[in-house]
Amino acid sequence: MKRAILAALGLATSLAVPAAAEENIKVGLLLPFSGVYAALGNDIEAGFSVALEQFGSEAGTGFDIVREDTEVKPPVALGKAKKLILQDKVDVMAGVVSSGVLGAVRDMVHGAGVPLIVANAGNDEATGTSCSPYITRMSFSNGQVNRPMGQWMYDQGIRKVYTLAPDYAAGRQMIGGFAETFTAAGGEIVGQDFTPFQKTQDFGPYLAQAKASGADAVYVFYAGGEAISFVKQYDSFGLKADLPLYGSGFLTSPLYVNAEGPAAEGVITALHYVPTLDNAANAAFVAAFEAKTGRLPSEFAVHGYDAARALVEAAKAGARDRASLADALRQVSFDGPRGKLSIDSATNNIVQPVYVYETVAGEGGLTQKVLAELPAEADPANGCEMAPVSN
């Protein structure tokens with residue numbers, strides 16, 4: 001507070017601030033708190049808060065949080081990032097839901113040397129050709145959560161697949177990851193469509209093509225409102241019995257699966273987290289999150305939770321300033337709700353297990369039945385040439 005007052009009076013550079021005022025790590029939360037992804041931002045923030053309550057006392061320091069709303073608009077997000085870095089002088093930032101927002105703030109973050117913990121945005125380039133020693137991803141990459149399904153579906157006897165996804169970078173990267181491993185295993189992609197992003201209301205023509213393709217199954221990526229519409233229309237089209245539906249787990253996310261209702265039953269997807277995972281760390285997380293919010297956590301909530309846990313682990317290692325925090329975050333490893341997590345130092349991308357699960361009816365509504373745990377694998381470098389952190 002004293003620093004803020006001095007800065008406001010224009011005296012910060014001429015008067016010494018007691019060391020005690022600088023002990024806390026200042027964290028900028030850069031998330032959508034309004035707009036289409038507000039629910040995701042709120043879940044990430046809630047998870048972040050739960051982790052600080054659980055683990056913050058281990059850090060050896062406190063954390064001062066400054067919240068900024070990206071509105072899911074890259075120009076707005078860039079302005080907010082500049083404010084956090086130049087005006088608020090944060091030591092570290094966390095958040096970012098949209099890949100477009102991450103692309104917009106990347107150069108600012110890298111140039112300023114401010115560590116950013118990515119708590120959602122999955123674009124492959126962020127830990128590929130656009131990687132930075134200051135950007136550490138604690139969520140997922142688009143290819144990462146889909147590649148393991150190619151081999152797994154082939155092993156289940158599926159030989160021909162029709163794919164669908166929205167026509168933007170994430171959709172193409174998600175499907176590309178699956179198609180790469182499915183065809184490498186010996187499978188065939190018999191048809192592929194990319195639907196206009198956020199503009200497709202009637203999936204009927206695409207479903208008719210899938211039905212006529214001779215496929216054994218359909219594999220898709222859709223999320224949010226598009227996922228709800230797609231799952232409902234797939235069911236109403238009467239395809240599930242003869243043409244089973246598979247996909248990226250965002251299709252049946254716990255955040256909105258109840259809005260899909262019975263149409264989601266029997267859909268099999270893959271993701272890095274579901275709240276029904278059977279391990280002690282997840283049991284503690286689910287209980288704490290449910291007590292705080294009254295709802296089960298989603299994959300977005302666990303992103304925030306593990307982002308805060310990573311920050312605590314970095315602080316426990318003695319990191320306090322921007323450079324030391326960036327360096328320590330790259331070395332984080334712990335057992336969390338998702339299982340064993342680590343950061344690949346070649347890309348700064350998370351390494352984590354991926355789970356295949358079926359959406360089923362439970363006593364309290366729809367729930368997730370885990371069918372398989374697929375091994376954790378580091379992403380390929382994808383053009384990343386990681387420079388050292390500059391002190």
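**Disulfide, cores and a hairpin**

Author: A search of the whole structure, which is a predicted model, finds 1 disulfide.

Reader: Which residues form the disulfide, and how far apart are their sulfur atoms?

Author: A disulfide is a covalent bond between the sulfur atoms of two cysteines. Here the two cysteines are C131 and C384, and both of them are buried. The link of C131 and C384 is right-handed, with 90° about the S-S bond. The sulfur atoms of C131 and C384 are 2.2 Å apart.

Reader: How many residues apart in sequence are the parts that the pair C131 and C384 ties together?

Author: C131 lies in the loop between β4 and β5, whereas C384 lies in the segment after β15 (365-374). The pair therefore ties together parts whose separation in sequence is 253 residues.

Reader: Is T127 buried or exposed?

Author: T127 lies in the loop between β4 (116-118) and β5 (135-137). Because its relative accessible area is 3%, and buried means under 20%, T127 counts as buried.

Reader: With which side chain does the side chain of T127 make a polar contact?

Author: Not counting residues up to four places away in sequence, T127 touches R137, T347, N348, N349, A381 and C384, and C384 is one of the two cysteines of the disulfide. The polar contact between side chains, at 2.5 Å, joins T127 to R137.

Reader: In the largest nonpolar core, which residues touch the most other members, and which helix gives the most to this core?

Author: This core has 100 residues, and those that touch the most other members are M153 and F230. The helix that gives the most, with 11 residues, is α11 (residues 299-316).

Reader: Which residues does F230 contact, leaving aside its neighbours within four places in sequence?

Author: F230 belongs to the core of 100 residues. With those sequence neighbours left aside, its contacts are L164, F203, L207, V220, Y222, L245 and L251.

Reader: Which residues make up the covered face of strand β11?

Author: In a regular strand the side chains alternate between the two faces of the sheet. In β11 (residues 333-336), S333 and D335 form the uncovered face, while the covered face consists of F334 and G336.

Reader: Which residue in β12 does F334 stand opposite?

Author: Strands β11 and β12 (residues 339-344) run antiparallel and are joined by 4 bridges, and a hairpin connects β11 to β12 through 2 residues. Within this pair of strands, the residue of β12 opposite F334 is L341.

Key:
Residues numbered from 1 in each chain as written. Predicted model: local features only at pLDDT ≥ 70, side-chain atom pairs only at ≥ 80, totals over all residues. Heavy atoms only, no water. Buried < 20%, exposed > 50% of the residue type's maximum accessible area, 1.4 Å probe, protein only. Polar contact = N/O pair within 3.5 Å; in protein donor to acceptor, adjacent residues only side chain to side chain. Contact = heavy atoms within 4.5 Å. Core = buried A, V, L, I, M, F, W, Y, C linked by side-chain atoms within 4.5 Å. Pairing = 2+ DSSP bridges. Disulfide = S-S within 2.5 Å.
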